[in-house]
Amino acid sequence: MLSEPSAAGQPLSRTRPALRWEALFSSRLLLPAVLLLAFAVYAPTLNDYFAGDDIWFLHSADTISVGDYIQTSFDYRDTGSLPELNRYRPLYPVAWRLQYEVFGLHAFGYHAVLVALHLASVAVVWAIALRLTRRAWAAGLAALIFAVHPGYADAVTWLSGGNRVFATFPLLLCVLSFMKYLHDDTAKARNYVAACAAFLAAVLLHPAAVGLAVILSAYAFLVARPPGDALRPGAWLPLAPFVLAAIALSSIHVWVRSHLDV
């Protein structure tokens with residue numbers, strides 16, 4: 001390794017500037033800084049009004065009672081009966097309906113919920129990356145990329161497209177809770193229940209979340225445990241609820257696409 005003499009005649013490593021940069025990005029203030037930056041980026045959306053498909057959610061909220069709307073949203077046979085029920089994602093229209101009870105026609109509240117959920121997801125990304133890399137600067141970088149990536153901007157700014165934001169938070173929370181369940185000796189039951197509950201919420205908010213069962217399985221047998229453990233049937237028992245729920249929801253999505261004009 002190349003070095004240069006110091007004033008005292010001792011070699012001075014040229015890697016020290018890099019180490020100082022790593023120390024800077026390992027600061028405890030990095031995550032708050034990333035969250036503040038993300039809020040600054042999306043704060044202007046708080047002044048936006050409703051647009052596009054938002055009108056369908058608002059019309060249903062104004063004309064259908066909460067009980068009837070919840071029943072319709074969860075009955076997969078009613079998928080397609082309303083414009084916003086164009087796919088089976090029952091928790092999201094229900095979330096919209098409940099927000100309408102609180103915020104009415106004040107769009108600020110809806111936007112505030114999306115921004116808050118996005119910031120919470122950024123924090124969970126940071127926690128996941130920290131567990132994977134054991135380096136605070138890498139966790140901060142992962143959180144920064146997720147926080148301000150332009151490919152995710154529409155999900156945070158467009159209200160009726162916010163099901164991606166609603167689903168992302170429990171999806172990430174499921175991953176983090178499952179990691180804690182596999183690696184931490186304390187509160188294993190609580191972490192496992194939290195992972196299962198978050199998984200169920202995610203798959204009921206967005207159809208794409210069913211793929212999380214594959215991600216959890218891959219992590220369990222490629223990262224947390226030796227790949228050979230996948231050959232033991234007993235090793236799959238903790239993953240059974242996720243796999244079975246994914247199969248059930250996938251079957252519903254296939255039925256909806258094949259039987260209903262949606």
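Biologist: Let's start with aspartate 184: is it buried, exposed or partly exposed?

Modeller: Aspartate 184 counts as partly exposed, at 22% relative accessibility. Buried means under 20% relative accessible area, exposed means over 50%, and partly exposed is in between, using a 1.4 Å probe and protein chains only. A word on the ground rules: this is a predicted model, so local features need pLDDT of at least 70 and side-chain atom pairs count only at pLDDT 80 or more, while totals for chains, interfaces and linings use all residues. Residues are numbered from 1 along each chain as its sequence is written, and side-chain values use heavy atoms, with hydrogens and water left out.

Biologist: Thanks. Which side chain does aspartate 184 meet in a salt bridge?

Modeller: That of arginine 131, at 2.7 Å from N to O. Arginine 131 sits in helix H6 (residues 107-133), whereas aspartate 184 is in the loop between helix H9 (163-183) and helix H10 (188-205), so the pair ties together parts that are 53 residues apart in sequence. By salt bridge I mean a side-chain nitrogen of Lys or Arg within 4 Å of a carboxyl oxygen of Asp or Glu. Helices (H or I, at least four residues) and strands (E, at least two) are DSSP runs, numbered from the N terminus.

Biologist: How many salt bridges does the structure hold?

Modeller: Four. One of them joins glutamate 101 to arginine 97, at 2.5 Å from N to O. Both residues lie in helix H5 (residues 91-103), four residues apart, which is about one turn of the helix.

Biologist: And how accessible are glutamate 101 and arginine 97?

Modeller: Glutamate 101 is partly exposed at 49%, while arginine 97 counts as buried at 6% relative accessibility. Another salt bridge links arginine 77 and aspartate 75, whose closest N and O atoms are 3.0 Å apart. There, arginine 77 is exposed at 55% and aspartate 75 is buried at 18%.

Biologist: Changing topic: what is the overall layout of helices and strands in the chain?

Modeller: The chain has twelve helices and two strands. Of its 262 residues, 41% count as buried.

Biologist: Pick a helix for me. Which residues of H2 are buried?

Modeller: Leu30, Leu31, Val34, Ala38 and Tyr42. Looking down the axis of H2, these buried residues fall within an arc of 100 degrees, so they line one face of the helix. The arc is that of the directions from the helix axis to the C-beta atoms.

Biologist: How far does H2 reach from its first C-alpha to its last?

Modeller: H2 covers residues 30-42, 13 residues in total, and reaches 19 Å, close to the 18 Å expected. The expected span is 1.5 Å times one less than the number of residues.

Biologist: How many cavities of 30 Å³ or more turn up?

Modeller: Two. The largest has a volume of about 50 Å³, and its lining residues include Asp75, Arg87 and Arg89. The second largest cavity holds about 30 Å³.

Biologist: What lines the second largest cavity?

Modeller: Tyr92, Trp96, Gln99, Tyr110, Leu114, Leu159 and Phe166. H5 gives the most to that lining, with three residues. By class, the lining has six nonpolar residues, one polar and no charged.

Conventions. On a 1 Å grid over the protein atoms alone, a cavity is a set of points where a 1.4 Å probe fits but cannot get out, and a pocket is an open set with protein on both sides within 12 Å along at least five of seven lines; lining residues have an atom within 4 Å of a point. Grid points are joined across faces, edges and corners, and a volume is the space filled by probe spheres set on the points. Ala, Val, Leu, Ile, Met, Phe, Trp, Tyr, Cys and Pro count as nonpolar, Asp, Glu, Lys and Arg as charged, and the others, Gly among them, as polar.
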